[in-house]
Amino acid sequence: MHRFLRFSVLLMGLFAAQSCLAADTPQNKSLVWNETTMPPVTVDGMGPEIEQPIEFPHWRHAGDPDPEHPEKGGMQINCMYCHTYARRSAVAGIPPIQKCIGCHQSIESVQDKPRIKKLFEYWDAKKAIPWKKVHDVPDFVRFNHERHIQRFFFQQNRPYQEVCGYCHGQVKELTVGRREKAISMGWCADCHKMDHPVTAEGGTPIGNQAYWYAYKKPVVNASGAVTANGPNDCWMCHK
């Protein structure tokens with residue numbers, strides 16, 4: 001009897017809450033994202049600008065060199081030199097301040113720049129730089145950098161700027177990183193449906209024994225190329 005009464009009270013509460021929600025919902029009953037519920041989106045279609053503690057020039061570190069104007073060109077530093085965990089763990093990792101200082105303590109030509117002065121202020125204060133995440137996903141989503149880097153960079157021998165840029169966009173042309181790609185469930189699923197070659201010329205031949213193919217074994221398509229799709233099991237990303 002008590003169980004029945006508790007259940008009845010619960011149903012009445014849910015009905016009351018639904019009635020209140022319906023009264024406050026517009027007549028078209030569609031929830032629309034507006035300027036009060038979503039972060040500001042810029043006119044260039046990229047994600048919101050996130051202010052960082054230091055204006056880090058990605059274009060200078062990862063960008064392409066400019067022989068005619070060296071001061072405007074980049075150094076083509078491999079993304080994994082700073083984001084060193086990407087090839088061996090789920091997260092790409094943020095470089096510790098020691099790695100930044102390891103280079104900049106020997107580059108006297110830029111030590112008068114405001115961003116470099118701020119870098120040394122954190123170093124002298126023995127504080128980590130409080131970087132803010134740009135390419136963030138919900139807590140219920142699990143993305144593994146290692147599997148993607150091992151497959152597309154090492155196994156397929158693709159350029160690192162192409163591999164990282166597929167999800168992160170043209171970071172090599174930016175100063176502070178911004179979100180360029182959707183990184184939504186449908187966007188990821190579309191890539192997993194593609195027939196990606198398993199190995200390429202110059203790549204590391206891993207084949208069927210690779211642990212990231214445990215659920216989707218490679219197949220030989222009509223042209224004779226060995227290809228494989230990404231996993232489509234829900235629990236692979238939602239653990």
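Trainee: Where is the place of K126?
Mentor: Happy to start there, keeping in mind that this is a predicted model. Helix α6 covers residues 145-155, and helix α5 covers residues 114-124. K126 sits in the loop between α5 and α6.

Trainee: Is K126 buried or exposed?
Mentor: Exposed means over 50% relative accessible area. K126 reaches 75% relative accessibility, so K126 counts as exposed.

Trainee: What is the phi of K126?
Mentor: K126 is not a glycine, and yet its phi is positive. The value is about 55°.

Trainee: Which loop holds N157, and what is its phi?
Mentor: N157 belongs to the loop between α6 and α7. Its relative accessibility is 42%, so N157 is partly exposed. Here too we have a residue that is not a glycine but has a positive phi, of about 60°.

Trainee: Let's turn to charged pairs. How many salt bridges does the count come to?
Mentor: Side chains of opposite charge can pair when their charged atoms come close. The cut-off is a nitrogen of Lys or Arg within 4 Å of a carboxyl oxygen of Asp or Glu. By this rule the count comes to five.

Trainee: Which residue forms a salt bridge with R178, and how many residues apart are the two?
Mentor: The partner of R178 is E49, with the closest N and O atoms 3.8 Å apart. R178 lies in the loop between α7 (160-168) and α8 (185-192), while E49 lies in the loop between α1 (2-24) and α2 (58-62). The pair links distant parts of the chain, 129 residues apart.

Trainee: Which residue does E55 meet in a salt bridge?
Mentor: E55 lies in the loop between α1 and α2, and its partner lies in helix α5, so the pair ties together parts 60 residues apart in sequence. The N to O distance is 3.4 Å, and the partner is R115.

Trainee: How far apart are the closest N and O atoms of R158 and E162?
Mentor: R158 has 26% relative accessibility, so R158 counts as partly exposed. E162 is also partly exposed, at 41%. The two form a salt bridge, with the closest N and O atoms apart by 3.7 Å.

Key:
Residues are numbered from 1 along each chain as its sequence is written. This is a predicted model: local features need pLDDT of at least 70, side-chain atom pairs count only at pLDDT 80 or more; totals for chains, interfaces and linings use all residues. Side-chain values use heavy atoms; hydrogens and water are left out. A salt bridge is a side-chain nitrogen of Lys or Arg within 4 Å of a carboxyl oxygen of Asp or Glu. Helices (H or I, at least four residues) and strands (E, at least two) are DSSP runs, numbered from the N terminus. Buried means under 20% relative accessible area, exposed over 50%, partly exposed in between (1.4 Å probe, protein chains only).
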